[in-house]
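Here is a friendly briefing to read alongside the model.

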Amino acid sequence: MIESAVIGKDLAPSGVLRVSVNLGNPVLAQGTPEAPSGVTVDIAREVGARLGLPVELLCFDAARKSYEAMATGLADMCFLAVEPAREAEVAFTAPYVVIEGVFAVPQDSAITTVADVDRAGVRIGVKRGSAYDLYLTRTLQHAGIVRGADGEDGVDAFRAGGLEVAAGIRQPMTEFVAAHPEYRLIEDRFMQIQQAVGTTRTRLPETVGFLRDLVEELKANGFVAEALRRADQSDTLVAPPA
């Protein structure tokens with residue numbers, strides 16, 4: 001069996017495990033760039049502890065920026081949704097958390113189901129480069145996509161542009177409609193977002209295997225569930241075994 005020192009050197013050749021964290025997803029990370037917290041931060045630190053490596057957390061406000069840090073060599077490890085557009089560059093584990101993408105619409109909208117959304121003339125506000133942006137880009141047949149300005153959520157583009165639909169993650173979208181009763185959720189999800197640990201495809205197979213095995217262990221032993229609870233997130237989000 002390959003030694004952990006070899007895996008550590010392969011994963012973090014600088015001697016410091018640099019991890020990109022997306023503070024733009026409140027289910028996965030909370031806090032500030034100076035003091036981040038959440039399930040992704042806990043997993044990053046556990047990887048470092050297992051390999052005897054110090055951990056540097058590189059915080060971003062969008063998944064797109066987290067991905068770019070990984071793709072350009074600024075980060076050694078990332079936490080991203082598994083999407084075909086990313087898999088060319090990123091070797092993913094199985095998901096550790098599964099969250100849902102949902103739509104919001106004005107209260108008086110004729111749109112009542114997910115199937116109603118993909119129609120000509122419907123414009124959907126999304127966060128640029130998010131998992132649901134990538135998913136909708138490759139699956140929509142008729143509706144259009146309006147991407148928010150840098151760092152803006154889908155609801156920002158939705159409200160600013162008077163769009164027909166906003167797309168986003170269930171938890172913050174639920175909070176949004178609760179605070180803005182002029183809007184409502186389409187309750188059924190339009191996608192499952194599989195959040196996984198990733199590293200570049202240039203890593204040794206043993207390194208990727210180490211990350212995949214560790215994610216399965218942390219799901220099975222309650223680590224991920226406990227990290228979610230500490231962050232005031234539901235432990236029902238833990239992904240099933242691979």
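Helices (H or I, at least four residues) and strands (E, at least two) are DSSP runs, numbered from the N terminus. With that in hand, helix H2 (39-51) and helix H8 (205-220) each supply at least two residues of the lining of the largest cavity. Please keep in mind that this is a predicted model, in which local features need pLDDT of at least 70 and side-chain atom pairs count only at pLDDT 80 or more, while totals for chains, interfaces and linings use all residues. Residues are numbered from 1 along each chain as its sequence is written, and side-chain values use heavy atoms, with hydrogens and water left out.

**The cavity**

- On a 1 Å grid over the protein atoms alone, a cavity is a set of points where a 1.4 Å probe fits but cannot get out, and a pocket is an open set with protein on both sides within 12 Å along at least five of seven lines; lining residues have an atom within 4 Å of a point.
- Grid points are joined across faces, edges and corners, and a volume is the space filled by probe spheres set on the points.
- One cavity of 30 Å³ or more is present in the structure, and the largest cavity holds about 30 Å³ of space.
- Its lining is made up of Ile43, Val47, Val197, Leu211, Leu214, Val215 and Leu218, with H8 giving the most, four residues.
- By class, this lining has seven nonpolar, no polar and no charged residues; Ala, Val, Leu, Ile, Met, Phe, Trp, Tyr, Cys and Pro count as nonpolar, Asp, Glu, Lys and Arg as charged, and the others, Gly among them, as polar.

**The largest pocket**

- The largest pocket has about 370 Å³ of space.
- It is lined by 26 residues, of which Gly24, Tyr132, Asp153, Ile169 and Pro172 are the closest to its centre.
- Two or more lining residues come from each of S5, helix H5 (131-139), H6, S10, H7 and S11, and H7 gives the most, with four.
- The lining of the largest pocket divides into 15 nonpolar, seven polar and four charged residues.

- In H6 (residues 154-161), Gly154, Val155, Ala157 and Phe158 are buried (under 20% relative accessible area; exposed means over 50% and partly exposed in between, with a 1.4 Å probe and protein chains only).
- These residues lie on the same side of H6, because they cover an arc of only 160° around the axis; the arc is that of the directions from the helix axis to the C-beta atoms.
- After H6 comes Gly162, with a positive phi near 60°.
- H7 (residues 170-179) has Arg170, Met173, Phe176 and Val177 as its buried residues.
- Their arc of only 120° around the axis puts them on the same side of H7, whereas the face turned away carries the exposed residues Glu175, Ala178 and Ala179.
- The buried residues of H7 pack against strand S7 (97-106), H6, strand S10 (165-169) and strand S11 (183-200).

**Ala75 in its loop**

- Ala75 sits in the loop between helix H3 (63-71) and strand S5 (77-81), and is buried, with a relative accessible area of 3%.
- Leaving out residues up to four places away in sequence, Ala75 touches Arg18, Ser20, Leu58, Ala69 and Met70 (contact means heavy atoms within 4.5 Å).

**From the record**

- UniProt lists residues 16-232 for "domain: Solute-binding protein family 3/N-terminal" in an unreviewed entry.
- That span is 35% helix and 30% strand, and its end C-alpha atoms lie 29 Å apart.

Technical notes
UniProt positions renumbered as here; feature names shortened; annotations may be inferred.
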